[in-house]
Amino acid sequence: MSRATITPDRSAEVYTTERTGPRKRARLPGDGLAGYLFLSPWIIGIVLLTLGPMLTSLYLSFTDYDLFNSPEWVGLENYERMFSDARWLRSVEVTALYVALAVPIKLAAALAVALLLNGKRRGQGFYRAAFYGPSLIGGSVGVAIVWKMMFSDDSVVDQLLLTVGIDTGGWAGNPDFSLMMLVLLAAWQLGAPMVIFLAGLKQVPRELYEAAEVDGAGRWRRFRSITLPMISSVVFFNLLLETINAFQVFTSAYVVGGPNGQPAGTTLFYTIYLFDRGFGDYRMGYASAMAWMLLLGVGLVTVFLFRTARGWVYYSGDSGDKR
Amino acid sequence: MRQRVITAGGGGNLSRVAWHVGVLALLAIVLYPIVWVAAATFKPSSEIIGSLQLLPSEATTANYDRVFEGVVGIGVGRFFLNSAVLAVLSVVGTVASSALAAYAFARLRFRGRTTMFVIMISTLLLPFHVLIIPQYIVFQKLDLIDTYVPLLAGKFLASEAFFVFLIVQFIRNLPRELDESAKIDGANHWSVFWHIILPLCRPALITTAIFTFIWSWNDFFGPLIYLSTPDKYPLPLALQLFIDESTGSDFGALMAMSMLALVPVILFFLFFQRFLVEGVSTSGLKG
Amino acid sequence: MGALKRFRSAATSVVALLAVASAAACGGGGSGDETEAGPATLRFSWWGNAERAELMQKAIDLFQSKNPDIKVTPSFQEFEAYWQKMATETAGGNAPDVMQMDFSYLREYSDRNALYDLKKQEGKNLELGDLLEGLKGAGEIDGALYGVPTGGNTWGYIYNPALFAQAGIEEPKEGWTWDDYRDAMTRIAEKTGVPGGGNYIGSYYNLELQLRQEGSLLYTEDGKLGFDKARLAEFFKEGKLLTDAKVVLPIEKGVQIKPSHSLELDLVAGDLGWDNFMARYDKGAKAELKLGPVPTDHPGTLGQYLKPSMLLSVSQKSEHPAAAAKLVSFMVNDPEVGKIFGANRGLPPTNAQRAAAQLEGPLAAVAAYEDALKDKFGKTPPAPPKGAGTLEQAFIRIAEELQYGRIGVDEAVDQFFTEAEETLGS
């Protein structure tokens, strides 16, 4: 068990560039038909359910479409309008800030809890369910009520802050704190990435730890040089998906802040504004353009993450593939 | 004491106690809001908003009574049953179809794979709100409105890229020597998938099952758009019937029903998370 | 690249199909039995909670027993969810035959040709003669009838008399002015420590009330704004003073307690609002609440009117407009239905139903309030123009930012007028 197996390689490339060199094909011939067969449910789904509606929305983004009448072609007008739309600009700002805060906080908390709950202990099932609990409730009105109560002006949180001299007057009504309240809500509902981290930790071969212990590696060292690289594919997955989801944060924010992003537009997230335009104002053309603009923006972030992933994501299964 | 190295704590009774105390303290904070909701379900409806007191001044089961009265003669059990049917079928469909697609993406090589992978990831990037109306029109043309088909079709067709991608990540982490040696022994793709890959990525499949169940259980928008007949409603649609702007919302019943709705999901989670613990040992397969 | 190409060609054809479908969604009108209400199955959708669903089901059962060849299949959601679903179904050309309609959405739907002109059924399957005076013609737009009111409400002042007494102020009497109102709020806040009310600039309808008292309207007949920048600036300025003087409920608090209302939680001495909300506030509040006259600076002109709290409309695409009209007619005229609903839909819309409804407690108070105002009601304005809902949201949002001190009065006015131009201009 040499240390070499756990150094990250560049195998993530397989997603972004076709690596079907002649030698590969010679070694692994004839996957074509099998590939399409295994993929057939997905292909049917994408053609019937997803691609059509997606392309329709792309088409609609160049039109003026009020839901009830035929769309009218307006070219790039919707896209141009966004840049002079003050609320659109604000929603971009609010969302970017949210992503930058919520994603790292939520992921760090989820990983910490997963590490804490990984292993054989009494009552582990209970603890996992308990930490998952907040995520089970989803984004209902009940959650909105509770969360606002927890941060209201006479809540424990606010009283504690008062004792150190910070008077927020209740987070829910204070434009300077409302976004933070939603960031904490995201971190509170850390169940999904936690479970994925746990599943990832299960995949780490124990022999690696034993070998490292023989080598006299300390706990931090073992975490850095075994755990992290071995779960890097899962870390990458969580990072990517949580980022994508955070850009599209909707339900929890909607039940807390409503279509106007109360208070004072500080929780006017991108998809909330999009939804309000589409279903509140019946401007589905504009909403579609907003959606595609988001796809473009998040797409760039995604490509960027895939690029950096080559440097730090390691796949055991791809190592035999190399060279 | 193999586990010792993976978990944060060391051996010994003292540290074990300290671990439990620490986790419980953390849980006390995390679970406080939920405990508050649970306690609130025993408060009179008017006492819920605006009162931070944890315990009701006078405990009442009136909220639960109202929940069990049902809605327009439809018992609350019906809503649970509808939700359960949707959730279980979603789990079956999603796990099966996503695992198939993931195997293809992770292990097989064929023309257009990268393109299709990119398409799959890009479906994650578009907010679903702009897809609602075109999708609705598709199902309407097929005369499937007010049935469960629109809610389930996507599940059986691996439309949730999240899960396909998740399983892909896990499969890629499995040593390739496994399939190679099986193939040398004459195994075809199906038996590699069925006998080697599936058992080894069980944590990912369990995760997929858990999430699918929970997400389906909590899904509001899909059922809202596609279902019209009240006796087909799942729980989230029934829940909103306690809210009304003009005649007043029944927050007591709303929260009582939310609490009841939590029970099956917790049970499902508790049952399936055990398979995460057992984990998969790839020992002896490597090196 | 074969696979991708195949994808693309498949996708293009799907797009074409969808484009046709959405275009067709608004094509041709309802076909079939326009006069003869033969055997039919009607889809009927409304918003509301479980309680309303029970009442509706009773009324539907009654209708079906009297019209055995018409079957009604109900569907109901909460208000916001209802409109999301309605928009989707209408876009898909699959709207229910009969739908509950809100006054502010009426033009939104009728201007987009989604509603059936019920004039064609009047006198045949639809009886409207017994409607209350103020509600007659309320669903009419350019000579066509797109909705029939099933209930009415009016803007009023709901207050807690105990706090007035505690502050040593007389309870509001007809003829009290806006100055009196602001003065009362200030004194109550000073004497009792309880805010005198919510800041009234937070509601669009308070502006409407003031405008009507001055003899103008929120929207002109041709759907433009009925006020200028200076008028709005004055309105905002007065409210800003109240916020600065800290005599009204701080906006922070108002936002924090949502979805509750301050009156429900005994946080203010009174507030202007829809009179039938009295029932809801009364359920929550510990205080005994009362309905009082609205303030006015123009003696004799209260500016109030009877507004359809909700209407029933028939889809343009309905295949059974005659049967649908029959159902609508039954819902507004049948005394038995009036008895079933009480004031659940607002106060009953016809004399017969009002006589049959047995109202108790706060609802009886609301009925008495409207009865007393009967002769003082002004003319019900035409349905608000398309985009009015958007504009009302903008108003709420801008007034909120003003109260937070994030923008000044001038900026608030400019923002609103920019929004209005964009929304009403097209």
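**View 1. The interface of chain B and chain A in the predicted model.** In this view the contact takes 108 residues from chain B and 115 residues from chain A, and the two chains bury about 10,300 Å² between them, with carbon and sulfur atoms giving 70% of that area. On the side of chain B, the residues that lose the most area to chain A are Arg109(B), Leu125(B) and Arg172(B), which together account for 8% of what that side buries. Although the count of salt bridges between chain B and chain A is zero, there are 15 residue pairs in polar contact across this interface, both residues of each pair being at pLDDT 80 or more. Helix H1(B) provides the largest share of the side of chain B that touches chain A, namely 14 residues. When the residues on that side of chain B are sorted by class, 71 are nonpolar, 25 are polar and twelve are charged.

**View 2. The interface of chain C and chain A.** Here 37 residues of chain C are in contact with 44 residues of chain A, and the area buried between these two chains is about 3,500 Å², of which 56% comes from carbon and sulfur atoms. Six salt bridges are counted between chain C and chain A, and 15 residue pairs are in polar contact, again with both residues at pLDDT 80 or more. Several helices of chain C each supply at least two residues of the side that touches chain A, among them helix H3 (79–91), helix H9 (251–256) and helix H16 (409–425). The helix that gives the most to this side of chain C is H1(C), with eight residues. By class, the side of chain C that touches chain A has 16 nonpolar, nine polar and twelve charged residues.

View 3. In chain C, helix H15 spans residues 388–403 and is one of the helices that supply at least two residues of the side touching chain A.

**View 4. The two domains of chain B.** The domain assignment of chain B gives domain 1 (3–67) and domain 2 (71–278), and the centres of these domains, taken over C-alpha atoms, are separated by 29 Å. Their contact takes 13 residues from domain 1 and eleven residues from domain 2, while the area buried between them is about 1,000 Å², with 81% of it given by carbon and sulfur atoms. One salt bridge is counted between the two domains of chain B, and one residue pair is in polar contact, with both residues at pLDDT 80 or more.

**View 5. A salt bridge within chain B.** The side chains shown here are those of Asp250(B) and Arg66(B), which meet in a salt bridge at 2.5 Å from N to O.

**View 6. The ends of chain B and the confidence of the prediction.** Chain B averages a pLDDT of 87, and 92% of its residues score at least 70. Over residues 1–10 of chain B, however, the pLDDT stays under 50, and for this stretch the model has 23 contacts beyond four places in sequence. Residues 278–287 of chain B also have a pLDDT below 50, and this stretch has 15 contacts in the model beyond near neighbours in sequence.

**View 7. The two domains of chain C.** Chain C is divided into domain 1 (31–151 + 309–359) and domain 2 (155–305 + 382–425), with 31 Å separating their centres, taken over C-alpha atoms. Nine residues of domain 1 are in contact with nine residues of domain 2, and the two domains bury about 810 Å² between them, 57% of which is on carbon and sulfur atoms. Across this interface within chain C there are zero salt bridges, and the count of residue pairs in polar contact, both at pLDDT 80 or more, is one. H4(C) gives the most to the side of domain 1 that touches domain 2, with three residues, and the residues of that side divide into three nonpolar, two polar and four charged.

Technical notes. Residues are numbered from 1 along each chain as its sequence is written. Chains are lettered from A and ligands numbered from 1 in the order in which they are written. Side-chain values use heavy atoms; hydrogens and water are left out. Contact means heavy atoms within 4.5 Å. Buried area is the accessible area (1.4 Å probe) that two parts lose on being put together, summed over both. A salt bridge is a side-chain nitrogen of Lys or Arg within 4 Å of a carboxyl oxygen of Asp or Glu. A polar contact is a pair of N or O atoms within 3.5 Å; within protein, one must be able to donate a hydrogen and the other to accept it, and residues adjacent in sequence count only if both atoms are side-chain atoms. Helices (H or I, at least four residues) and strands (E, at least two) are DSSP runs, numbered from the N terminus. Ala, Val, Leu, Ile, Met, Phe, Trp, Tyr, Cys and Pro count as nonpolar, Asp, Glu, Lys and Arg as charged, and the others, Gly among them, as polar. Domain bounds come from an automatic or database domain assignment. pLDDT is the predictor's confidence in each residue, from 0 to 100.
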